[in-house]
Amino acid sequence: MEIKVRNQIIGGSYIPIQTMLKNPVWDVDLSMEKIIRLSKSGCDIIRITIPDEKALQGLKTVIKKSPIPIVADIHFDYRLAIGSIEAGVDKVRINPGNIGDKSKVKKVIECLKYHNTPVRIGINKGSLPEHLKKLHKDPIDIMIAAAKEEIGYFLEEGYENIVLSFKSSTVMETIHVNREAAKLFGYPLHIGVTEAGDLSDGTIKNAIGIGTLLQEGIGNTIRVSLTAPEDDEIRVGKKILESIGLRSSDIDIISCPTCGRTEIDLSEIVRKVKECTAGRVFTKKLKIAIMGCIVNGPGEASECDFGIAGGVDKSLIFKDGKKIKTVHNNDIIEELGLILEEYTKQ
Ligand code: SF4
């Protein structure tokens, strides 16, 4: 099943990457600055929390200006879901654990149906319905039961413009519950490990959780949840998709882990090259080798479009498999910048 969210399809061959705005949306200038930046760096869909009327007012402006689809994230107050739908939001996320009883959900469904707005039924282990906790012990069973109950309300109204998500902060639980959901339900799945921690911990957890599921053909859109800026969530999401062949990248940077032989500031060079390549369009897919010494440097560099092998005071620059020059270590970044210029589309 495919669900259309403005210009994006959830359930097709392309896996849209999402993040969530981390500032209050009523700060419209900051929100738009971020949304535009994120859309340029690969964010396909952005979710925004709508906790109150002030946020709803901000959302109304942002919806009109945003180049990418907006999802309103609703907890507790079904009226904010209705307000967001009426404002023209591209999708709504509701949480069965706190949106309220059937009568409230039905009012939201009525409005969704009228506007033909898609919904994500977002089940989160941290906020499961109390009455289901009394019936089941296993959190996976509770999450599945919550989805069945909520989907039931939608089916009664004949509305199936639905995406599902099952989130846990545990990698294995995320994998198990999504495997189960993929067997039971035919709706597209939004996947990710939630509350996964900081950049390093969260990257590992999400790479394993999202990567495993996608490799099994489970999952139709992803969000990497990190205690880090939105930009990092998008970067990591893109890298996960690239690593398993679901996205292609114009740039592949190979860099060694460094060791006692390293004579150059490799981390700084990699950082600068990444900074320099961000947002550029190249005449071909580039593979760049940044190696700390001549042990593996020439070998790796020979299989790349260009690269360096660091040395004491001076380093070797390789291009198309051949050593083209020796440069002083202080000039490495400038030299790599000049080569990158040659491959940059004007
Ligand atoms: S390429 Fe050289 S500097 Fe880098 S890890 Fe290998 S031996 Fe060490």
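This is a predicted model: local features need pLDDT of at least 70, side-chain atom pairs count only at pLDDT 80 or more; totals for chains, interfaces and linings use all residues.
Local features need pLDDT of at least 70, side-chain atom pairs count only at pLDDT 80 or more, and totals for chains, interfaces and linings use all residues. Residues are numbered from 1 along each chain as its sequence is written, and side-chain values use heavy atoms, leaving out hydrogens and water.

**Domains.** Select 3–243 for domain 1 and 251–343 for domain 2. These bounds come from an automatic or database domain assignment. The domain centres, taken over C-alpha atoms, are 40 Å apart.

**Barrel.** Now select strands E3 to E10. Eight strands close into a parallel barrel, in the order E3-E4-E5-E6-E7-E8-E9-E10. Strands are DSSP runs of E, at least two residues, and helices are runs of H or I, at least four, both numbered from the N terminus. Pairing takes at least two DSSP bridges between two strands.

Zoom to E7 (119–124) and E8 (162–167). They pair in parallel over six bridges. Pick Arg120: its bridge partner in E8 is Val163.

**Helices.** Select H2 (53–65). This helix lies across E4 (45–49) and E5 (70–74), at about 170° to E5. Next, select H6 (139–156). H6 lies across E6 (91–94), E7 and E8, at about 155° to E7. Angles run from 0 to 180 degrees between N-to-C directions, with axes fitted to C-alpha atoms, for helices over the stretch in contact. Contact means heavy atoms within 4.5 Å.

**Ligand.** Finish at the ligand. Around it, select Cys256, Pro257, Thr258, Cys259, Arg261, Thr262, Gly292, Cys293, Val295 and Asn296. Each has a heavy atom within 4 Å of the ligand. By class, this shell has five nonpolar, four polar and one charged residues. Ala, Val, Leu, Ile, Met, Phe, Trp, Tyr, Cys and Pro count as nonpolar, Asp, Glu, Lys and Arg as charged, and the others, Gly among them, as polar.
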